[in-house]
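Hello! Here are my notes on this model, written as numbered points so that you can follow along in your viewer.

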Amino acid sequence: MPPVGFAIAGSGMIAGVHVTALKEIPGARVVGVWSLPAEDCRRFAAQHQIRGYTDYEELLGDPEVQVADICLPSGYHAEFGIKAALAGKHVVVEKPIDVSLAKARSLIEACQKYDRKLSVIFQNRFTPAAQRLRKAVDQGLLGRLILGDAYVKWYRSPAYYQSNTWRGTKAIDGGGALINQAIHTIDLLQWMMGGAKRVCGLVRTSTHAIESEDVGVAVVEFANGAVGVIEGSTAIQPGFKERIEIHGQKGSVILEGGNITAWKVEGCNEADYVDEQKISYGSTSSPAISHVNHKAQFQEIMAALQHDAGPSVSGEEGLKALRIILGIYESSEKGRWVDLG
């Protein structure tokens, strides 16, 4: 099969992770990058030895590009993704799909209208541990699920929020700790538990000089009748690895920092499931993100493109975590439970 050409929109940290991941995948080719300001685009292009586009329209007009990979701030995802679909490109967007349900749905509808594939990056679904746990849930090893919890107690310094004017803003970042940091773990939780039905939550701005929350907590009722708790923060020092706890009638599993640290399930030998990697604190305010999980998701996206199939983390899948988080924001504002539909 001919190579699949990707072009990156954006030149921040996560764009570098995408390029590194794609360059390791046979059949994937990173053609170029567009970003503002122009000097950032030139720097990024030179660093990764790819083409630098003068504007987004030039990227979309390049016949060597089949996929527009949107690594811009969250509030621009739908806008630039829709333009890409209109230009005949498949679309990949970093999480979240966008910052509002209306904009997210407009992107989904545009990709459907122009028959383009859309995938949202939730790379943590592709870790070996997450895949192992999801398989066990699907096989019924844990029995009926009764409780599922997600904890993201991280720290981000004031300098982190000051590094870009959009960080922590409602219009462009969509919010704070929940929608930017905890969203990966919230997505994993709802993916394991089978989707959420309603939420009741509170958010607070506790220590940072930002417009949105650095602490968020919620109770969630899942579609299957199970319940759970979500906690997300960027104000916890020194910061700890994110954790998911899944409890069923036949036992419990804890997934921490990408590793399974406990597997207490009837009929299972824990040693066959628990990872041996050591857990370190998630204390850095400017975290270095491994490209390994992104590579795994991009490999799945590549296979979907080559076989004209739908990627597993579609636009509709990408909506699920966003809907939960926006529900928590609404619940905190209105002081009541919010049905997620």
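Rings of Phe, Tyr and Trp (its six-membered ring) are taken as a pair if their centres lie within 6.5 Å, and planes under 30 degrees apart count as stacked. Please keep in mind that this is a predicted model.

1. **Aromatic pairs.** With that cut-off, a search of the whole structure turns up seven aromatic pairs. One of them is formed by Trp 34 and Phe 80: the ring centres are 5.7 Å apart and the planes are at 25 degrees, so this pair is stacked. Trp 34 belongs to strand β2 and Phe 80 to helix α4 (residues 77–86), so the pair links distant parts of the chain, 46 residues apart.

2. **The six-stranded sheet.** Which order do the strands of the open sheet of six take? Reading across, the order is β3-β2-β1-β4-β5-β6, and the pairing is parallel. The edges are held by β3 (51–52) and β6 (118–121); each has a single partner strand, so one side of each has no neighbour in the sheet.

3. Strand β4 (residues 67–70) runs parallel to strand β5 (residues 90–94), and four bridges join the two.

4. Helix α1 lies across β1 (4–9), β2 (28–34), β4, β5 and β6. Its direction makes about 170 degrees with that of β1.

5. **Helix α1 against α9.** Helix α1 (residues 13–23) also packs with helix α9 (residues 292–306), their axes being 8 Å apart at an angle of about 60 degrees. That angle makes α1 oblique to α9. The crossing of α1 past α9 is right-handed. On the α1 side the contact involves Ile 14, Val 17, His 18, Ala 21 and Leu 22, which meet His 294, Lys 295 and Phe 298 in α9. Sorted by class, the contact of α1 with α9 has five nonpolar residues, two polar and one charged.

6. **The eight-stranded sheet.** A further open sheet has eight strands, in the order β13-β12-β11-β7-β10-β9-β8-β14, and here the pairing is mixed. Its edge strands are β13 (259–265) and β14 (338–339), each pairing on one side only. Within this sheet, β11 pairs with strand β12 (residues 251–256) in the antiparallel sense, over six bridges. Glu 245 has Ile 254 in β12 as its bridge partner.

7. Helix α6 lies across β7 (145–153), β11, β12 and β13, and runs at about 25 degrees to β13. Helix α8 packs on the sheet too, touching β7, β8 (196–204), β9 (215–222), β10, β11 and β12. The direction of α8 makes about 160 degrees with that of β7.

8. **Helix α6 against α8.** How do the axes of α6 and α8 cross? Helix α6 (residues 128–138) and helix α8 (residues 177–193) have axes that come within 9 Å and cross at roughly 25 degrees. The two helices are therefore roughly parallel to each other. Ala 130, Gln 131, Leu 133, Arg 134 and Val 137 of α6 make the contact with Leu 188, Trp 191 and Met 192 of α8. Six of the residues in the contact of α6 with α8 are nonpolar, one is polar and one is charged.

9. **Backbone details to check.** Where are the cis peptide bonds listed here? One runs from Leu 36 to Pro 37, with omega near -5 degrees, and Pro 37 sits in the loop between β2 and α2 (38–48). Another runs from Gln 237 to Pro 238, with omega near 5 degrees; Pro 238 is placed in the loop between β10 (227–233) and β11 (243–248). Finally, Gln 49 has a positive phi of about 55 degrees although it is not a glycine, and Gln 49 is found in the loop between α2 and β3.

Conventions
Residues are numbered from 1 along each chain as its sequence is written. This is a predicted model: local features need pLDDT of at least 70, side-chain atom pairs count only at pLDDT 80 or more; totals for chains, interfaces and linings use all residues. Side-chain values use heavy atoms; hydrogens and water are left out. Axes are lines fitted to C-alpha atoms, for helices over the stretch in contact, and angles run from 0 to 180 degrees between N-to-C directions. Angles under 35 degrees count as roughly parallel, over 145 as roughly antiparallel, 65 to 115 as roughly perpendicular and the rest as oblique. Contact means heavy atoms within 4.5 Å. Ala, Val, Leu, Ile, Met, Phe, Trp, Tyr, Cys and Pro count as nonpolar, Asp, Glu, Lys and Arg as charged, and the others, Gly among them, as polar. A crossing is left-handed if the near helix is turned anticlockwise from the far one by less than a right angle, and right-handed if clockwise. Two strands pair if DSSP finds at least two bridges between them. Rings of Phe, Tyr and Trp (its six-membered ring) pair if their centres lie within 6.5 Å; planes under 30 degrees apart count as stacked, over 60 as edge-to-face and the rest as tilted.
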